[in-house]
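Work through the exercises below with the sequence and the model open. Each task is followed by its solution.

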Amino acid sequence: MDIKKIEKKWQAIWEKEKLGNFNSKNTDKKYYCLEMFSYPSAAKLHLGHWYNYGPTDSFVRYKKMKGYEVFQPMGFDAFGLPAENYAIKTGIHPKDSTDKNILNMEQTLKEMGAMFDWSAEIKTCNEDYYKWTQWLFLKLYEKGLAYRKEAPVNWCPSCKTVLANEQVTNGVCERCNSTVVKKDLTQWFFKITDYAEELLESLNGLDWPEKTKLMQKNWIGKSTGGEIEFTAESGDKFKVFTTRADTLFGVSYVVLAPEHPLVKKLTSAKQKKAVEEYILETSKTNEIDRLSTNREKTGVYIGHNAINPINGKVVPIYAADYVLYSYGTGAVMGVPSHDERDFAFANKYGLPITRVIKGVGVNDDLPFTDDGIIVNSPGFDGMTSEKARKAIINKLVQDGKAEHKTNYRLRDWLVSRQRYWGAPIPVIHCEKCGVVPVPYSDLPVQLPYDVEFTPDGESPLAKHQGFMNVKCPVCGGDAHRDPDTLDTFVCSSWYYLRYPDAHNAKEPFNPEIINKMLPVDKYVGGAEHACMHLLYARFITKALRDMGYLNFDEPFKSLVHQGIILGPDGMRMSKSKGNIIAPDPYVQEYGSDVLRLYLMFGFSYTEGGPWSDDGIKAITKFLDRIERLAIKLNSTPNGKNNLMGKNEKDLNYAVNYAIKCVDRDMESFSFNTAVARLMELLNAITKYDGIEGDKNIHVLKKAFKTLIQLLAPCAPHFAEEIWESLGNKNSIFNSKYPECDESALVLDEVEVAVQINSKMRTKIMVPSQVTEEMVKEIIAKDEKLSTELNGKEIKKLIIVPKRLINIIV
């Protein structure tokens with residue numbers, strides 16, 4: 001078979017017949033399967049693309065044959081830093097390089113043979129898309145979910161832009177690996193924290209990997225406790241959040257974040273120099289490092305004290321870098337007897353350590369961090385930790401010095417970027433009117449082409465006078481546009497809503513259409529997006545629901561993460577390691593179906609593993625065997641033998657067993673075992689074909705037809721060609737997926753183990769519905785068992801159906 005010729009043939013037929021296009025008349029049978037759309041890089045498809053899109057397309061084809069009206073759109077997440085950095089390096093405009101890359105990727109994705117609905121294609125850098133991204137911003141602004149404030153932000157000095165917390169890995173920029181520093185800038189934020197509790201609680205009902213749900217739970221970071229008010233000797237007050245109010249009598253110091261306004265206000269003249277030097281050093285350290293549990297905790301006494309509200313004890317105030325002003329209240333209490341970090345800090349600075357919890361039946365050497373019995377806490381001694389936590393907070397609430405509180409680790413989503421290649425923020429700044437949203441009728445705020453985008457710390461758009469200078473929509477006076485662009489995660493936070501209504505020029509989507517098509521039934525993509533894209537998409541869905549546009553709570557019902565194909569050395573593929581494996585040579589030599597089938601067979605889909613092409617030739621041989629058998633069967637007349645003897649029943653069992661297993665494994669993305677069952681079925685068909693004498697050709701051909709239908713989603717071009725050679729006029733993907741006949745899985749005979757006095761002796765074949773009398777008859781006729789028994793009387797027969805016969809003598 002000329003595989004390249006066959007691929008082009010069937011890709012042309014599929015495109016002509018619009019095989020992948022969704023029919024909106026069948027929305028009641030819809031199955032929306034979505035792969036996370038990719039960034040249009042200059043490189044061709046890599047194995048990661050293939051591993052994501054190829055097997056998932058096989059799943060979609062399987063669902064189509066199961067009777068669903070499948071919707072599998074494709075598009076491109078086209079804004080972002082890579083194109084802009086490439087432009088800075090080469091001088092090629094981001095729009096030009098992105099458009100060219102999209103054309104290349106469209107072509108290679110089509111050559112893969114994936115059944116994408118290209119009629120619903122979206123590109124986030126096009127005006128007809130980012131117009132509605134800007135619309136989304138304005139809607140969030142109207143609802144108080146978008147706001148602007150000055151805040152310390154993560155600043156990449158190399159990319160010269162702000163990074164979200166999620167885009168900083170181990171203190172460096174995820175894009176360029178430069179050390180990230182802190183910088184105060186006025187930025188736009190989305191108030192995702194308003195949805196923290198719902199984002200946490202609704203995770204439980206999602207069919208998502210447990211690890212991903214746990215990552216989101218930890219990222220949201222719910223803590224229940226109390227917010228306690230401490231008073232400085234100056235009279236200034238500050239609040240401390242704690243989940244361990246039972247340790248309040250053990251407080252021997254309190255800590256303020258170096259950025260906390262009270263630090264400068266309360267620092268004594270004697271300590272001023274030391275505190276200022278400490279604040280300067282802290283500013284050079286990023287938040288990730290400051291929060292690291294492995295880093296030694298440092299601090300400086302500010303020369304001022306505070307009063308513990310529970311007992312009136314005076315405790316020193318320290319400024320310490322392990323407390324962040326942007327998180328919680330920016331203040332914590334130090335209980336060295338019952339916290340490992342505080343214990344080390346107290347020993348370092350010679351602070352007192354007072355036990356207030358005694359362990360029960362356990363080693364309670366300090367620092368003792370578990371619950372126990374309260375001691376050295378007048379009025380609360382003898383209580384359990386759990387009871388004391390409530391009692392102490394309740395006492396302080398009565399005194400007006402505390403309140404019950406729930407805190408979240410999650411912080412609002414920073415969406416401003418000081419870069420060019422992104423959606424302009426649709427806001428105008430007027431000296432008279434302040435912040436003015438761009439009227440909806442004026443959208444989109446177009447991204448100008450003629451921009452100097454070499455980074456210098458200022459937004460590139462700020463230097464484009466034609467873009468910046470506008471009239472205020474409210475007063476008509478001179479004003480200027482916001483010079484920043486939106487984080488590309490904003491673009492991808494709602495794209496799944498645009499696909500089903502991709503060409504709507506009047507609105508981002510028609511709610512009537514979207515509420516029928518959503519949520520996405522199956523979402524497939526990398527686990528690295530657990531705490532960014534997936535969380536943001538959930539937030540946007542809930543916000544739009546509350547605005548009345550959506551009637552569902554979650555965007556993605558079911559989520560699958562593909563594993564990672566590593567280099568042959570077991571390391572992640574990278575240019576620097578020289579271990580990148582390109583798929584193109586394999587596609588050229590073996591065809592796309594062979595590569596797809598090998599990726600499905602050679603790896604557990606959700607785990608991945610090191611690349612090895614040792615088994616790819618075995619896949620070729622597997623398809624060659626099927627092709628040879630097809631040629632033989634096509635020239636074989638049906639014959640007149642219609643008997644269903646043992647051999648035919650064995651083949652029928654193999655066919656239905658394969659249907660049952662492959663159906664189950666395709667549904668659960670267990671592609672490797674599904675392909676293994678297909679290979680077993682081919683072996684069973686070949687074995688029957690090799691039997692001497694008359695064969696039931698009808699049974700043989702039916703079994704072969706079933707094999708091709710089961711194979712079709714995994715090797716679509718090849719299966720279409722074989723299917724056509726069998727005399728079928730329509731696409732195999734319009735045929736009905738085989739159904740298992742459970743009755744065929746009930747064997748006439750089964751192999752069982754035989755024991756004599758509970759000791760294993762042999763195995764024999766017996767009827768599946770065997771009786772005690774039948775067993776006695778079989779034993780009498782079996783030469784080996786007759787010899788073993790040697791005329792001894794059988795006192796009892798223990799029969800475990802289809803498994804075991806125990807002869808008691």
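**Exercise 1.** In the hairpin of S30 and S31, find which residue takes a positive phi.

Solution. Begin with the strands, which are DSSP runs of E of at least two residues, numbered from the N terminus. S30 covers residues 796-800 and S31 covers residues 804-808; the two run antiparallel and are joined by 5 bridges. Strands count as paired if DSSP finds at least two bridges between them. Next, locate Val800, which stands opposite Leu804 in S31. The hairpin has 3 residues between the strands, and Lys802 has the positive phi, near 65°.

The model is predicted: local features need pLDDT of at least 70, side-chain atom pairs count only at pLDDT 80 or more, and totals for chains, interfaces and linings use all residues. Residues are numbered from 1 along each chain as its sequence is written, and side-chain values use heavy atoms, with hydrogens and water left out.

**Exercise 2.** Are Cys125 and Cys475 buried or partly exposed?

Solution. Buried means under 20% relative accessible area, exposed over 50%, and partly exposed in between (1.4 Å probe, protein chains only). At 7%, Cys125 is buried. At 34%, Cys475 is partly exposed.

Technical notes. Helices (H or I, at least four residues) and strands (E, at least two) are DSSP runs, numbered from the N terminus.
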